[in-house]
Amino acid sequence: EASVTGVSQFAACPRRYYLSRYLGLESSAEEPSSTVDDAELAGPSAMELGREAHELLAGTLAPKKASEQARQLAQTFEDHELGARVGRAARVEREREIVFPVGSKPRLLRGIIDLHFEDAQGSVLVDYKTDRVSEAEAPAKAEEYALQMRLYALALGLEGTKPQKAVLFFLRLGRAIEVSLDPQSVTEAVRQVEELFLAQESQEFPLKIAGHCRRCPHYQGLCPAELPEKPKPIGKGQIKLFDN
């Protein structure tokens with residue numbers, strides 16, 4: 001058995017999955033961000049804010065008990081076209097825990113579906129994200145979460161309620177990005193699940209070195225990955241003579 005988010009982390013980097021999920025050595029420290037303003041520093045942590053926003057949208061947290069930031073994030077979705085569709089939907093499922101089999105020799109995956117609804121336009125799977133990303137960064141960030149969405153879509157399909165659309169909704173931006181559910185992408189998602197279990201059996205969790213290493217809590221610690229130093233910016237009045 002594994003979690004859907006664990007499969008996603010394994011696909012991004014097997015070594016981080018091994019250290020964080022398999023050995024349980026994930027750092028509790030939040031990743032630093034240069035875009036945090038003073039108001040956010042005074043508010044809830046990123047993890048707490050995400051929890052509050054999800055609970056508000058699920059209807060399990062009273063607005064008066066949530067922070068102002070969480071209420072604003074939840075309202076962003078309610079004001080969006082998708083939020084309006086949910087209000088008119090014939091069937092709505094929120095924060096649903098799910099366990100489902102995946103693969104040729106079935107393995108169990110578990111996860112939580114943020115939102116699944118059906119209306120006159122079809123069946124839609126939605127996942128809320130509170131990531132602090134810019135408009136330009138959002139499509140690449142959505143691709144990082146695409147694997148999770150495809151696995152949840154597969155789970156719903158096994159129940160006979162396969163969604164026509166899967167949408168990642170970035171609450172800070174108020175932006176919805178659709179994730180492709182084409183058969184090839186879903187097949188690739190299943191392959192990633194099987195690779196995770198094969199890695200657990202072989203105890204081989206290779207490094208996947210890339211720019212994301214700098215945001216990993218194990219970088220320059222438990223993980224031996226090495227990246228070249230970032231080039232220093234050229235100061236005012238300086239001239240760059242050579243390209244390295």
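Me: What do the buried residues of helix 8 pack against?

Reply: This is a predicted model. In it, the buried residues of helix 8 pack against strand 1 (2–3), helix 1 (4–12), helix 2 (14–22), strand 2 (91–102), strand 3 (107–119) and helix 7 (138–158).

Me: Which residues of helix 8 are buried?

Reply: The general idea comes first: an α-helix has 3.6 residues a turn, so residues three or four places apart point the same way. Here the buried set is Ser185, Val186, Ala189, Val190, Gln192, Val193, Leu196, Phe197, Ala199 and Gln200.

Me: How far does helix 8 reach from its first C-alpha to its last?

Reply: Compare the span with what 1.5 Å a residue would give. Helix 8 (residues 183–202) has 20 residues and reaches 29 Å, close to the expected 28 Å. Just after helix 8, glutamine 203 takes a positive phi of about 60 degrees.

Me: At what angle do the axes of helix 5 and helix 6 cross?

Reply: Roughly 75 degrees, with the axes coming within 4 Å. Angles of 65 to 115 degrees count as roughly perpendicular, so helix 5 and helix 6 are roughly perpendicular to each other. Phe77, Glu78 and Asp79 in helix 5 meet Glu81, Leu82, Gly83, Ala84 and Val86 in helix 6. By class, that contact has four nonpolar, one polar and three charged residues.

Me: Is valine 86 buried or exposed?

Reply: Check the relative accessible area: under 20% counts as buried. Valine 86 has 6%, so it's buried. Leaving out residues up to four places away in sequence, valine 86 touches Phe77, Val92, Arg94, Leu115 and Phe117.

Key: Residues numbered from 1 in each chain as written. Predicted model: local features only at pLDDT ≥ 70, side-chain atom pairs only at ≥ 80, totals over all residues. Heavy atoms only, no water. Buried < 20%, exposed > 50% of the residue type's maximum accessible area, 1.4 Å probe, protein only. Contact = heavy atoms within 4.5 Å. Axes fitted to C-alpha atoms, helices over the stretch in contact; angles between N-to-C directions. Helix = DSSP H or I, 4+ residues; strand = E, 2+ residues; numbered from the N terminus. Parallel < 35°, antiparallel > 145°, perpendicular 65-115°, else oblique. Nonpolar A, V, L, I, M, F, W, Y, C, P; charged D, E, K, R; others polar. Expected span 1.5 Å × (residues − 1).
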